[in-house]
Amino acid sequence: MAPPIRLRRWADMLVVAPLSANTLAKVVHGMSDNLLTSVIRAWDTDSSIDMKKKVILVAPAMNSAMWRNPVTEKQIRVLTDDWGVKEEVTGPAGEARSIIGWFKVITPISKTLACGDTGGAMASVPSICEAIERDLQLNAEG
Ligand SMILES: Cc1cc2nc3c(=O)[nH]c(=O)nc-3n(C[C@H](O)[C@H](O)[C@H](O)COP(=O)(O)O)c2cc1C
């Protein structure tokens with residue numbers, strides 16, 4: 001079986017931390033030119049193949065000007081608004097709810113980067129771990 005498909009089936013979730021500007025752009029445009037982007041492209045986005053809801057968690061990190069570039073906002077909006085995990089109300093009276101989407105984005109934080117610019121830094125590792133634990137329900141409270 002092709003490696004991206006095997007990895008997709010095997011994984012409980014996929015974490016990309018850091019998500020570079022380059023990989024963000026590729027993902028949003030459906031490119032699959034390496035193993036990572038191929039797994040993301042082969043994700044079971046509506047759980048109809050593997051019958052299991054699985055999330056792709058990304059923590060973008062890039063130079064401050066790259067982060068502030070309008071193209072980044074556009075691409076992040078695809079991951080959050082179009083493909084982001086959210087609850088959808090489907091019943092006419094709001095009684096039926098289902099979870100749609102497969103991306104979760106952990107927004108960068110504002111701190112001085114190695115280059116001296118400020119902003120676009122990857123969220124802290126503890127906060128990323130917390131998000132993973134929450135999603136996989138690994139925290140003590142379940
Ligand atoms: C030391 C170093 C650190 C880098 N850090 C980042 C980063 O945090 N975010 C980013 O978008 N690009 C960063 N880059 C540039 C990327 O490596 C470059 O854009 C590359 O094409 C990304 O490809 P990938 O998404 O396949 O990893 C860095 C480059 C170097 C040399």
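The legends below describe close-up views of a predicted model. Residues are numbered from 1 along each chain as its sequence is written, and side-chain values use heavy atoms, with hydrogens and water left out. In this predicted model, local features need pLDDT of at least 70 and side-chain atom pairs count only at pLDDT 80 or more, whereas totals for chains, interfaces and linings use all residues.

**View 1. The residues around the ligand.** Ser 20, Ala 21, Asn 22, Thr 23, Ala 61 and Met 62 surround the ligand; a residue is near a molecule if one of its heavy atoms lies within 4 Å of it. This shell consists of 3 nonpolar residues, 3 polar ones and no charged ones. Here Ala, Val, Leu, Ile, Met, Phe, Trp, Tyr, Cys and Pro count as nonpolar, Asp, Glu, Lys and Arg as charged, and the others, Gly among them, as polar.

View 2. An oxygen atom of the ligand lies 2.3 Å from a polar side-chain atom of Ser 20. The side chain of Thr 23 has an N or O atom 2.4 Å from an oxygen atom of the ligand. At Ala 61, a polar backbone atom is 2.6 Å from a nitrogen atom of the ligand. On its own the ligand has 630 Å² of accessible area, of which the protein covers 37% (Shrake-Rupley method, 1.4 Å probe).

**View 3. The salt bridge between Arg 8 and Asp 50.** The structure holds 7 salt bridges, each a side-chain nitrogen of Lys or Arg within 4 Å of a carboxyl oxygen of Asp or Glu. In one of them, the side chains of Arg 8 and Asp 50 meet at 2.9 Å, N to O. Arg 8 lies in helix H1 (residues 3-10) and Asp 50 in the loop between helix H3 (35-41) and strand E2 (56-60), so the pair ties together parts 42 residues apart in sequence. Helices (H or I, at least four residues) and strands (E, at least two) are DSSP runs, numbered from the N terminus. Arg 8 is buried at 7% relative accessibility, while Asp 50 is partly exposed at 24% (buried: under 20% relative accessible area; exposed: over 50%; partly exposed: in between; 1.4 Å probe, protein chains only).

**View 4. The salt bridge between Glu 73 and Arg 77.** The closest N and O atoms of this pair are 3.3 Å apart. Both residues belong to helix H5 (residues 70-82), where Glu 73 and Arg 77 are 4 residues apart, about one turn of the helix.

Key:
A polar contact is a pair of N or O atoms within 3.5 Å; within protein, one must be able to donate a hydrogen and the other to accept it, and residues adjacent in sequence count only if both atoms are side-chain atoms.
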